[in-house]
Amino acid sequence: MSEKTYEYVIYAGNKPVLKGKNLKKLLEEASLKYKNRKISISWKSPEGVLIA
Amino acid sequence: MHKKSYYYKECDSGIFGKVKRPLISIDVKTFDGTWLHLRDILADTGADISLLPRDIGELVVGDITQGKTLELRGVVPYAKLIVFIHDVCFRVDDKEFIAPTAIAESNDVLPILGRVKSLDLFETVFDKGRKTTIIMK
């Protein structure tokens with residue numbers, strides 16, 4: 001059975017550029033690679049998850 | 001009067017195939033005074049309180065365990081989540097507000113903007129499963 005956990009998705013401007021579970025590392029990488037673009041954080045839900 | 005609209009976002013579900021959810025964007029202030037831009041926060045009028053996952057909470061308040069500890073419960077019987085309550089500064093467009101927020105012990109939660117001192121501050125319109133509009137007066 002696969003582990004059902006959320007993943008972070010980092011956007012530079014309106015484009016998703018990085019994905020993973022270590023948020024601090026992702027933000028550091030994004031701030032180095034995409035210096036002049038607005039960085040934002042999103043989430044990818046595990047498949048098959050309903051929210052009630 | 002000022003308003004901000006967000007189109008519902010299509011997400012995968014296990015039962016219905018695709019479902020559309022009222023996800024909005026919001027800024028949250030970190031403990032060092034910078035703003036984090038968060039996308040895809042669930043605007044949830046059924047939630048008493050706003051909720052952030054642990055990693056975000058640590059960027060926002062530092063040591064999350066300094067907050068009051070509570071068990072958060074939802075509609076699922078027996079399921080409970082340990083959270084720490086903190087006052088967190090949010091921003092929608094240029095409107096800032098401070099709201100009591102549950103920061104989860106876990107990262108395995110979806111961030112939620114709940115009612116208390118958050119959605120209740122605004123007139124929020126859920127337009128036929130298409131878009132969420134937050135009206136700031």
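In strand β12 of chain B, the bridge partner of B:H2 is B:M136. Helices (H or I, at least four residues) and strands (E, at least two) are DSSP runs here, numbered from the N terminus. B:H2 belongs to a pairing in which β1(B) and β12(B), residues 131-136, are joined by six bridges and run antiparallel. Two strands count as paired if DSSP finds at least two bridges between them.

Before I continue, a word on the source. This is a predicted model, in which local features need pLDDT of at least 70 and side-chain atom pairs count only at pLDDT 80 or more, while totals for chains, interfaces and linings use all residues. Residues are numbered from 1 along each chain as its sequence is written, and chains are lettered from A and ligands numbered from 1 in the order in which they are written.

To return to the sheet: three strands of chain B form an open, antiparallel sheet in the order β1-β12-β11. Its edge strands are β1 (2-7) and β11 (123-127), each pairing on one side only. From one strand to the next, the twist averages 15°, with axes being lines fitted to C-alpha atoms and angles running from 0 to 180 degrees between N-to-C directions.

I turn to helix α1 of chain B, residues 54-61. Six of its eight residues are buried, so the helix is largely enclosed by the rest of the structure. A residue is buried if 20 or more other C-beta atoms, placed from the backbone, lie within 10 Å of its own, exposed if 12 or fewer, and partly exposed in between. The buried residues are B:D55, B:I56, B:G57, B:L59, B:V60 and B:V61. They pack against α1 (23-33) of chain A, together with β4 (23-29), β5, β6 (50-52), β8 and β9 of chain B. After the helix comes B:G62, with a positive phi near 85°.

Which residues does B:V60 contact, leaving aside its neighbours within four places in sequence? They are B:V28, B:T30, B:F31, B:L52 and B:V88, where contact requires C-beta atoms, placed from the backbone, to lie within 7 Å. B:V60 is also among the residues with the most contacts inside the largest nonpolar core, which has 34 residues. Such a core is a set of buried Ala, Val, Leu, Ile, Met, Phe, Trp, Tyr and Cys residues joined through C-beta atoms within 7 Å.

Next, backbone angles. Most residues other than glycine have a negative phi. B:D40, in strand β5 of chain B, has a positive phi near 60°. B:D93, in the loop between β8 (80-92) and β9 (95-104) of chain B, has a positive phi near 55°. Are these two aspartates buried or exposed? B:D40 is buried, with 22 other C-beta atoms within 10 Å, whereas B:D93 is partly exposed, with 13.

Finally, chain A and the interface. Chain A follows the pattern β-β-α-β along its sequence, and buried residues make up 15% of its 52 residues. In the interface, 17 residues of chain A are in contact with 16 residues of chain B. Strand β3 of chain A (residues 39-44) supplies the largest share of chain A's side, five residues. That side divides into ten nonpolar, five polar and two charged residues; Ala, Val, Leu, Ile, Met, Phe, Trp, Tyr, Cys and Pro count as nonpolar, Asp, Glu, Lys and Arg as charged, and the others, Gly among them, as polar. β3(A) pairs with strand β5 of chain B (residues 35-43) in the parallel sense over two bridges, and A:I41 stands opposite B:L38.

Key: Two residues are in contact if their C-beta atoms, placed from the backbone, lie within 7 Å.
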